[in-house]
Structures are given as C-alpha cells and as structure tokens.
Amino acid sequence: MNEIKNDENVFFNTITNEEKLIETENLSVGYENKLLISKINFCVNSGEIVTLIGPNGSGKSTVLKTIAKQIKSKGGKISILGKEISLLRESDIAKKISLVMTERIRPELMTCRDVVATGRFPYTGRLGLLGEKDWKIVDDAIKLVHAEEIAGRNFLETSDGQRQRIMLARAICQDTQVIILDEPTSFLDMFYKIDIIRTIWKLARTQKKSIVMSLHELDLVRAVSDKIICVDGNSVCKIGSVSDVFCGGFIQKLYGLNEDEFDEQTGTMKLNLR
C-alpha cells in the first residue's frame with residue numbers, strides 16, 4: 001500500500017481497541033420524494049478513516065448529510081455510540097459530529113478566527129460567550145491547519161482553498177468524536193492537499209477521531225483510507241479495504257474507465273492521448 005510518511009516516518013498503522021462510533025442498518029437515503037440508495041450497512045470504528053468514492057452525482061454527499069442528520073433518512077437506522085441518532089437532540093449531535101460540506105457559507109463581517117470560534121458554540125451558554133480555554137482551542141485548531149496568517153482576515157475575502165482550511169479548523173475545535181468531510185481537498189493546491197490529509201490522519205491516529213469523508217483524488221484515497229465505501233448512484237456497490245477495492249479493475253468499472261486508463265498500484269490515471 002502507498003503511504004504518506006509523517007515526521008516520525010510512520011503514516012499508516014493498525015487500529016487497536018476498536019469501538020463502533022457510527023453504525024448504519026439498512027439505511028436508505030434520498031431527497032424529498034426521491035430514493036437514491038437503500039440497504040446501506042457499514043460501521044465506523046474509533047480512530048478509523050472511512051472514505052466514500054464514486055462518480056459525481058452518485059450520492060456520496062447525500063449519504064454524508066444523512067449520517068449527520070442534515071437530511072432525513074428514507075428508512076433504516078443510524079446509531080452514534082450505540083444510540084439511535086433520531087432519538088438524539090440537535091445539541092447532543094453537535095457534540096458528537098462535526099461537519100464540513102462543500103456548500104459556501106457567507107458570514108457577514110466575521111474574521112476567519114471568528115468563523116472557527118463558532119465551532120465552540122455547542123459548549124457555551126445561551127449568550128454564546130467563549131472563555132479563555134475556548135479561545136485556546138480555537139487558536140490551536142487554526143495552527144493545526146496552518147492558517148495563522150489569515151486568522152484575522154475577513155472570511156469572505158479569502159480564497160476557496162483558504163476557506164476550506166478554516167472550515168476544517170472549525171470542525172476540529174468543535175471537538176467531536178466524529179468528523180464528516182465532503183471533499184475536504186477541493187480547491188487546494190498540491191501542498192495543502194497533502195497537508196490536510198496529513199492533518200486528518202493525525203486526528204484519527206493520535207486523537208482517535210473517526211473520519212468519514214468523500215474524496216475524488218484516488219491516490220489520496222489509496223494512501224490514507226482504512227475502509228472505502230463505493231457508491232455508484234444506485235447502491236453501495238462495495239465496501240472494503242484499499243487492497244479489496246484497488247484490484248481486479250473495479251475502479252475502472254466504477255468510473256467507466258478503460259482498463260489501461262488507471263493504475264491500481266498508485267491510484268493515478270494514465271492518459272493515452274494518441
């Protein structure tokens with residue numbers, strides 16, 4: 001398996017003391033009266049990185065939003081630490097799951113640091129006042145995504161890539177056991193793609209956060225994932241490890257590629273322009 005090495009020269013290790021943080025049972029997802037995918041069954045363990053892959057429009061974001069209770073499920077059950085999510089209050093969910101989606105937010109007259117600080121609101125009183133400890137958590141999260149240089153800048157005056165880092169910092173300082181990320185590497189250049197993936201890995205391995213995310217960069221999927229959930233627009237067609245998914249031409253079939261257009265060993269496309 002390809003691995004991205006960290007400073008300690010260890011990037012991928014074995015999970016121990018597994019604990020189910022998320023579990024779905026015959027989950028069905030969709031929008032309004034449209035059912036997209038049914039019979040979704042998987043679990044996410046403590047410290048595990050689970051990645052959803054599949055073509056655009058296949059339903060990855062819908063699955064993520066349903067797990068986070070942003071969209072009502074069409075059937076089945078979602079459990080968080082053994083408790084059915086439909087029975088939990090929104091305030092309880094906000095302390096267990098943080099979410100970064102691709103939709104743009106437009107907060108008026110807020111600095112990047114202010115936006116990150118909203119991740120602490122589930123822990124404040126009705127007035128939403130942050131204490132010294134809260135602000136330290138905010139600043140630590142900003143440092144973790146290497147966004148110190150833009151912390152005081154108006155959020156709306158930053159680039160898409162900078163906003164992506166700020167939203168990840170917001171999810172980090174929310175201090176939840178589960179972090180759900182929809183295409184966290186979108187809009188980022190190569191350096192920050194790797195930097196964000198390294199940060200995600202550290203959150204899972206050192207803090208035992210469970211990460212559930214969608215990614216399009218299959219080389220990164222191959223490098224960092226413990227479990228891969230494959231979505232084809234009609235079903236969850238496969239769930240397995242990197243070695244289970246990146247073999248036998250499965251990726252080519254999932255994305256409608258010719259056999260020679262994708263390298264399973266590296267997770268990269270091969271272009272033949274002749």
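1. Start with R205 and D226, which pair up in a salt bridge in this predicted model. Their closest N and O atoms sit 2.8 Å apart. Follow the chain and you'll see that this pair links distant parts of it: R205 belongs to helix α6 (residues 190–207), while D226 lies in the loop between α7 (218–224) and β10 (227–231). Are R205 and D226 buried or exposed? Both are buried.

2. Next, have a look at K136 and D140, whose side chains also meet in a salt bridge, at 2.8 Å from N to O. Both residues are in helix α4 (residues 132–144), and because they are 4 residues apart there, about one helical turn separates them. K136 has 53% relative accessibility, so it counts as exposed. D140 comes in at 35%, which means partly exposed.

3. Now for E25 and K77. What is the distance between their closest N and O atoms? It is 3.7 Å, and the pair counts as a salt bridge because the cut-off is within 4 Å. This is another link between distant parts of the chain: E25 is in strand β1 (residues 20–31) and K77 is in strand β5 (residues 75–80), 52 residues apart. E25 is partly exposed, with a relative accessible area of 36%. K77 is partly exposed as well, at 29% relative accessibility.

4. One last thing to keep in mind while you browse: how many salt bridges does the structure hold? The count is 12, and among them are R205 with D226, K136 with D140, and E25 with K77.

Terms used: Residues numbered from 1 in each chain as written. Predicted model: local features only at pLDDT ≥ 70, side-chain atom pairs only at ≥ 80, totals over all residues. Heavy atoms only, no water. Helix = DSSP H or I, 4+ residues; strand = E, 2+ residues; numbered from the N terminus. Buried < 20%, exposed > 50% of the residue type's maximum accessible area, 1.4 Å probe, protein only.
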